[in-house]
Amino acid sequence: MTPAVDADLVILGGGLAGLTLAARLARVRSGLRVVVLEPRTAYQDDRSWCFWRPEQHDLSHLVSRSWKTWTFSDAAGLTVRHRVPGLAYQYIRGSDFYASAQADIAESANVDLRLGVHAQTVDAVPGGVRVETNAGPLLARQVVDTRPRAAESMLYQSFVGFELEREHPLPFELGEVTLMGSLDADAEGLSFVYALPLGRNRAIVEWTRFGTAPIERERLVGELDEVLTGLGLADARRVRTEGGVLAMGLGRQTASPIPGVVHAGNAGGALRAASGYGFLRIQRWAQLCTESLLAGQGAVGHPDEPRARRAFDRIFLQAVRAHPERTAEYFFALARGVAPAALVRFLSDGARPTDYARIIASLPWTPFLAQVAAPAAFSPAQTLPATRPTPTTETSVQR
């Protein structure tokens, strides 16, 4: 006799991917019994998500700021400005996303968000999937697992940022995002500044490094301190901090697949290998997963990358691994040599064959040709922590 299930779907992890799927299922009133298990006991303003979209779209109500211009600059100060008519670079604050998703879930009698609960073991059993938690077991027909998991990776993008505020204006143009500023590279890899002006007296400034291994938070904070001093921002109040490590170009997973379990989120393939962008990819996956569930076909993970995109990203990341000291040259060449619309399409998964041709033409051929037939190279598998920085008070930053 098949035991009764506690839920049609259990979602492990209530971060961006888990909440996006749960909120979507709540809004469409699917009738499915859905349980989201999230270890944190409360949500904080710990994330920033950005993307390119027209001004009006289905998530416009969550957008805090948008900018029509985004810039690239090298270590010598040479700046390239990009604009695409009809497109804006848009910012969603983590606290706004969390509040909206929780409100959608609260309106549903069938979707349950359980904070302070984490999964301990997940096993296939007759009739479904058994999830052991610190609050007791659950039996589900299917599980979507969005938690971090160990995997090989070609590169890591490590970053830390502060939201800054001070009484007199900050040194940023309100209508411009510094997408990759002060691009530089050394034997370890790429480094750059990312800045989002939120107002004349407020901005988010991040320091990012690409490398073959994650970089310690303490080191990144120290380097960001130096950057802020150079920008004349040492006196700015640090309202909050955020940061993390993104695995770019996943390889083999170390865990065996479990029947009835699909993976999503960053560890499930949400991030674009060559850039680290993932917000819109997660929205598209959540739509596909919802449609599949409503059709009675079950939950689905992230779709496979198209062959051309997968091959290009592999070659690009391998060239970065092979010559980390030239990485700034590569990215600045893209900024200077590729039309803004084509570059945005590439970063947003919409590149056309002609866009790839322009990108290839803008890059130095020798290091990339050397990687076409080379075997893929990965750093050893490791589980990245789910970094959740805490908002700060007055003049100190909790690290």
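Thr208 counts as buried, at 3% relative accessibility. Buried here means under 20% relative accessible area, exposed means over 50%, and partly exposed lies in between (1.4 Å probe, protein chains only). The residue belongs to strand 15, residues 202-211. Helices (H or I, at least four residues) and strands (E, at least two) are DSSP runs, numbered from the N terminus. Thr208 touches Gln157, Ser158, Phe159, Leu190, Ser191 and Phe192, when residues up to four places away in sequence are not counted. A contact is a pair of heavy atoms within 4.5 Å. Gln157 is 51 residues from Thr208 along the chain, yet their C-alpha atoms are separated by 6.8 Å.

The model is predicted: local features need pLDDT of at least 70, side-chain atom pairs count only at pLDDT 80 or more, and totals for chains, interfaces and linings use all residues. Residues are numbered from 1 along each chain as its sequence is written, and side-chain values use heavy atoms, with hydrogens and water left out.

Arg209 is also found in strand 15. At 7% relative accessibility, Arg209 counts as buried. Its contacts, leaving aside neighbours within four places in sequence, include Tyr156, Gln157 and Ser158. Others among them are Asp186, Glu188, Gly189, Leu190 and Ser191. Ile215, Arg219, Leu220 and Glu223 are likewise in contact with Arg209.

Glu223 lies in helix 3, residues 217-230. Its relative accessibility is 15%, so Glu223 counts as buried. Beyond its neighbours within four places in sequence, Glu223 is in contact with Trp207 and Arg209.

The whole chain has nine helices and 18 strands. Its radius of gyration is 21 Å, close to the 21 Å that the globule rule gives for 399 residues, so the chain is as compact as a globular protein of that length. The radius is taken over C-alpha atoms, and the rule is 2.2 Å times the number of residues to the power 0.38. Along its principal axes, the C-alpha trace spans about 70 × 55 × 40 Å. Of the 399 residues, 53% count as buried. Among contacts between residues at least 6 apart in sequence, 76% join residues at least 24 apart.

The chain exposes about 17,600 Å², and carbon and sulfur atoms supply 53% of this area. Accessible areas come from the Shrake-Rupley method with a 1.4 Å probe; for residues, only the protein chains shown count as cover. There are 42 positive and 41 negative side chains, and the centres of the two sets lie 5 Å apart. Lys and Arg count as positive and Asp and Glu as negative, while His and the chain ends are not counted. Each charge is placed at NZ of Lys, CZ of Arg, CG of Asp or CD of Glu.

In soluble globular proteins, nonpolar side chains tend to be buried together. The largest nonpolar core in this chain has 48 residues. Such a core is a set of buried Ala, Val, Leu, Ile, Met, Phe, Trp, Tyr and Cys residues joined through side-chain atoms within 4.5 Å. Trp70, Tyr89, Leu196 and Phe316 have the most contacts inside the largest core. Helix 6 (residues 327-337) gives the most to this core, with seven residues. Phe316 is in contact with Ala274, Phe331, Leu334, Leu363 and Phe368, leaving aside neighbours within four places in sequence. Another core, of 36 residues, lies apart from the largest one; Leu9, Val36, Leu59 and Ala264 are among its members.

In helix 7, Ala342, Leu343, Val344, Phe346 and Leu347 are buried. Their cover includes strand 3 (48-53), strand 5 (69-74) and strand 6 (79-82). It also includes helix 5 (307-322), helix 6 and helix 8. Asp349 follows helix 7, in the loop between helix 7 (340-347) and helix 8 (353-362). Asp349 has a positive phi of about 70° although it is not a glycine. Most residues other than glycine have a negative phi. Asp349 is buried, with a relative accessible area of 17%.

Arg29 also has a positive phi, near 50°. Its place is in the loop between helix 1 (16-27) and strand 2 (34-38). At 64% relative accessibility, Arg29 counts as exposed.
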